[in-house]
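Colleague: Could you take a close look at the nonpolar interior of this model, and walk me through the packing there, together with the aromatic pairs?

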Amino acid sequence: MTGRAAVVTGAASGIGRATVEQFLDSGRYDVVAGLDVDEAVADLDDEFDGFRGFTVDVADHDTVAAVVETIEESAAIHTLVNNAAISEYAWLGDLTPDAWHRVLDVNLTGQYNLAHAVGPLLYEREAGSIVNVSSGAGQRGSASGGVHYSASKAGILGLTKGLAKQLRPHVRVNCVVPGLIDTPLTHDSGLWTEEGIEAFTDRVPLERLGRPEEIAEAIDFLAGPRGSYVTGSVVNVDGGADLI
Ligand code: NAD
C-alpha cells in the first residue's frame, strides 16, 4: 500500500461531489474514494482522475467495513468525510418507526459505521482527520424536515466531540454545519418550495443560498494541514442562518 487516500460519503451529488473535486484539486491525495447509494458515483471514475466510486449504503455496517478494507489496499486512508444523509418531511403524528429508524440509520449510524472502520486505522498510524457533516436542524430543530432528521443531526454533534476525545492526540475530528445550500436535497426532496427557499434566504444575513463549493472549502480546511490546531469544533458555514 502506497499513497494517501480520502473517503467521502454521499459523493455523487451536492456537497459530497464538491468535496471530491476540492480534494482532487488539493493534490494531497493519490486516491479519493467516494461512497454513495446512487450508482452514478461509479460514473465519476471516468470523469475524475484519481477518483474511485463505490456503490454502497452507509447504513450497512459490514459492507462499509469491506469497502474501507478495499480502499486501504490501494492507499492509506488519511481523511474521512461523513457527508451522506437523507431528509424528508414528516408531521410527528405521521412519523412511523420505520421512517424514524431509516433516517437515524443512514444519517447517524452511517457516520458511526465509517468512523468505526476508519478511525482506528488513523489512530494507529497517528495521523489523519475526520469531518462530519451535520445541519442547523441538529442545533435549532428543522425548518422544513422532521424531528428524526433533527435528532440524527444533533447526534452527529455528540459523535464528533466524542470521537475527538477518543482519537486524540493525533487524529482531529470536526463538524461542519451547512446552512441552506443549492443542492438536490434542497430543491428536489420535496422539503422546500421555491417560495419557501426565498422566504428563508430573505431572513438569512447573507440573503442567498450557499454553494456546495463553499461547504467543501470549509471541509477541506478542517481536513487538511490548515486546520492543524482545530479539533472537536462545530463550524457553521451558513450565511448567518444561526442568527435567525
Ligand atoms: P444531496 O442529496 O445532494 O447529496 C447527498 C448524497 O448522499 C446523495 O448523492 C445520496 O445518494 C447520498 N446518500 C443518501 N443516502 C445514502 C446512503 N444510505 N448511503 C450512501 N449514500 C447515500 O445532499 P447535500 O445537500 O449535498 O447534503 C450533503 C450533506 O449536507 C448531508 O449530510 C445533509 O444533511 C447536509 N446538509 C445539507 C443542507 C442543504 O441545504 N443542502 C443543509 C444542511 C445540511
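**Aromatic pairs and nonpolar cores**

Modeller: In this predicted model, phenylalanine 23 has a relative accessibility of 0% and therefore counts as buried. Tyrosine 29, at 8% relative accessibility, likewise falls under the 20% cut-off and so counts as buried. A search of the whole structure gives 3 aromatic pairs. In one of them, the ring centres of phenylalanine 23 and tyrosine 29 lie 5.1 Å apart with their planes at 50 degrees, so this pair is classed as tilted. Another joins phenylalanine 48 and phenylalanine 51, whose ring centres are 6.4 Å apart and whose planes stand at 75 degrees, so that this pair is edge-to-face; both of these phenylalanines are buried.

Turning to the nonpolar cores, the largest has 29 residues, of which Val7, Leu35, Phe54, Val68, Ile71, Ile77 and Leu114 touch the most other members. Two or more residues of this core come from each of the strands β1 (4–9), β2 (31–36) and β4 (76–82), and from each of the helices α3 (61–74), α4 (97–125) and α6 (147–166), with α4 giving the largest share, 6 residues. Leucine 35, one of the residues that touch the most other members, is in contact, when its neighbours within four places in sequence are left aside, with Val7, Val8, Thr9, Gly10, Ala11, Phe54, Val56, Val67, Ile71 and Leu114.

Methods: Residues are numbered from 1 along each chain as its sequence is written. This is a predicted model: local features need pLDDT of at least 70, side-chain atom pairs count only at pLDDT 80 or more; totals for chains, interfaces and linings use all residues. Side-chain values use heavy atoms; hydrogens and water are left out. Rings of Phe, Tyr and Trp (its six-membered ring) pair if their centres lie within 6.5 Å; planes under 30 degrees apart count as stacked, over 60 as edge-to-face and the rest as tilted. Buried means under 20% relative accessible area, exposed over 50%, partly exposed in between (1.4 Å probe, protein chains only). A nonpolar core is a set of buried Ala, Val, Leu, Ile, Met, Phe, Trp, Tyr and Cys residues joined through side-chain atoms within 4.5 Å. Helices (H or I, at least four residues) and strands (E, at least two) are DSSP runs, numbered from the N terminus. Contact means heavy atoms within 4.5 Å.
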